Amino acid sequence: MKQSMFITRLRGYVRIQIRGSECERLINPMMEKGFSIWDIQATPEGKLECNILIKDFFRLKPLLKRTGCRMHVLERYGLPFFMERLGRRKFFFGGMAAFIIGIYVLTSFVWQISVEGNDRITDAQILEAASKQGIHMFQWKLKLKKTEVLSRDIQSLLPGTAWVGVEIRGTHVTIKVVEATIPDPRKLMNPRNLVASKNALVTEIISDKGKPLVKPNTYVRKGDVLISGTIGDEQNNQVVVAEGKVKGVVWYTSRIEAPLTKTYKVYTGETANRNYLVWGTRALQLSGYGKMRFEHFETIPERKSVAWRSWALPIGWLHEKVMEVNLVEEPIEAANARKSGLEQARAKLLAASGADARLVGEKILHEKTENGKIYIDVHFEVEENIAEEQPIVIRGE
């Protein structure tokens, strides 16, 4: 009698072939003894094929002896045979299970922590606050609190923040910070003079508060008072915070060195490859061993990590493409070298002199060519802000 196919597959059955001159006579005894057989078919060669449960298969031997028939198993079906095949491949399936478990374990740890949005607060301060809440490398992710709780607790440890967010994507934790806007504290202004920071020729003086002591086209030395913070006369005076702007021409002498050759790289087309297995910050070289055959070369790295959806693992590989280059020297005309050197010297001088500085004059004092370079001594005149603060010390009577 045929049973439910699902139950039959759980119990297991085989497809058999019965050979013998009286194989048809075997059917009735099998039915009488309650054998579960189905899909009985007769072949042109006089043989019978049918399906039979495993438990009845082992009861069939006495009937075969009685009728003089023989039996051959054609196919095996069901759970018992599947489990037997698994047993024969236990090392393969065991390795697969170990690999899946290993991937799960690796993706259950925190491998990378990054900080975004901070300016005044340092990364070290944020990471220290996060570590107190359990966010650190190799932390088991299941031990972490909910992201809303982590955000609130980290913010409580960072007084200068307006908002903190924690995002967990795979093995990567991102801490996003919005710093609180703190108004600049008002400077405490003590009485002061404005004095010359350098020897200069005054070109412009604007006094907003205080008493100007110099006029345009006046030569001043470093430390001379330009705008005094003491106003009034000897009998009736007071000290104030001197404010204003004073510009003057300052003189500089610069030594310029400009090469008469330019070196640049030309790719030859020859390449080599090196491959590495990467684990975290460590790398194991797999190919491209030995000393590099190129004297001059450039390396282009390409790194890839193992990832599944949003989970990034610390395992990956690194491919380096090494390209041979030739260093080619090209001569530069003296006029072009001189022009380039002067432009660089002007830019460097103006950057050091302040935002309002401007070049008002220059003169080449000396020039010579030696050892593949051109050497130039130049006198520059720069108009810049020359005022600096000098506190006024008030002594008690």
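A residue is called buried at under 20% relative accessible area, exposed at over 50% and partly exposed in between, with a 1.4 Å probe and protein chains only. At 0% relative accessibility, Asp56 therefore counts as buried. The structure is a predicted model, in which local features need pLDDT of at least 70 and side-chain atom pairs count only at pLDDT 80 or more, while totals for chains, interfaces and linings use all residues. Residues are numbered from 1 along each chain as its sequence is written, and side-chain values use heavy atoms, with hydrogens and water left out.

Helices (H or I, at least four residues) and strands (E, at least two) are DSSP runs, numbered from the N terminus. Asp56 belongs to helix 3, which covers residues 54–57. Contact is defined by heavy atoms within 4.5 Å. When residues up to four places away in sequence are not counted, Asp56 touches Gly34, Phe35 and Ser36. A polar contact is a pair of N or O atoms within 3.5 Å; within protein, one must be able to donate a hydrogen and the other to accept it, and residues adjacent in sequence count only if both atoms are side-chain atoms. Such a contact, at 3.1 Å, joins the side chain of Asp56 to the side chain of Lys55.

Salt bridges were assigned where a side-chain nitrogen of Lys or Arg lies within 4 Å of a carboxyl oxygen of Asp or Glu. By this rule the count comes to 18 salt bridges. One of them links Asp56 with Arg59, with the closest N and O atoms 2.8 Å apart. Arg59 is partly exposed, at a relative accessible area of 36%. Lys55, Asp56 and Arg59 are linked in a network of salt bridges. Another salt bridge is formed by Arg274 and Glu320, whose side chains meet at 3.2 Å, N to O. Arg274 lies in strand 16 (residues 261–279) and Glu320 in strand 19 (residues 311–331), so this pair ties together parts that are 46 residues apart in sequence. Arg274 and Glu320 are both buried.

An open sheet is formed by 3 strands in the order 5-7-6, with mixed pairing. Axes are lines fitted to C-alpha atoms, for helices over the stretch in contact, and angles run from 0 to 180 degrees between N-to-C directions. Two strands pair if DSSP finds at least two bridges between them. Strand 6 and strand 7 (residues 172–179) run antiparallel and are joined by 8 bridges. Within strand 7, Ile175 is the bridge partner of Val166. A salt bridge is also found between Lys176 and Glu167, with the closest N and O atoms 3.6 Å apart. Lys176 is partly exposed at 33% relative accessible area, and Glu167 is partly exposed at 30%. Helix 7 (residues 123–132) lies across strand 5 and strand 7 and runs at about 125 degrees to strand 5.

Rings of Phe, Tyr and Trp (its six-membered ring) pair if their centres lie within 6.5 Å; planes under 30 degrees apart count as stacked, over 60 as edge-to-face and the rest as tilted. The whole structure contains 7 aromatic pairs. Among them, Tyr13 and Trp38 form a tilted pair, at 5.2 Å centre to centre and 55 degrees between the planes. This pair links distant parts of the chain, with Tyr13 in strand 1 (residues 13–19) and Trp38 in strand 2 (residues 37–42), 25 residues apart. Tyr13 is buried, with a relative accessible area of 5%, and Trp38 is buried at 6%. The rings of Trp111 and Phe138 have centres 5.3 Å apart and planes at 90 degrees, so the pair is edge-to-face. Trp111 lies in the loop between helix 6 (90–106) and strand 5, and Phe138 in the loop between helix 7 and helix 8 (147–157), so the pair ties together parts that are 27 residues apart in sequence. Trp111 is buried at 17% relative accessible area, whereas Phe138 is exposed at 51%. Tyr13, Trp38 and Tyr77 form one aromatic cluster.

Backbone angles were also examined. Phe138 has a positive phi of about 65 degrees although it is not a glycine. Asp39, also not a glycine, has a positive phi of about 55 degrees. Asp39 is located in strand 2 and is partly exposed, at 42% relative accessibility.
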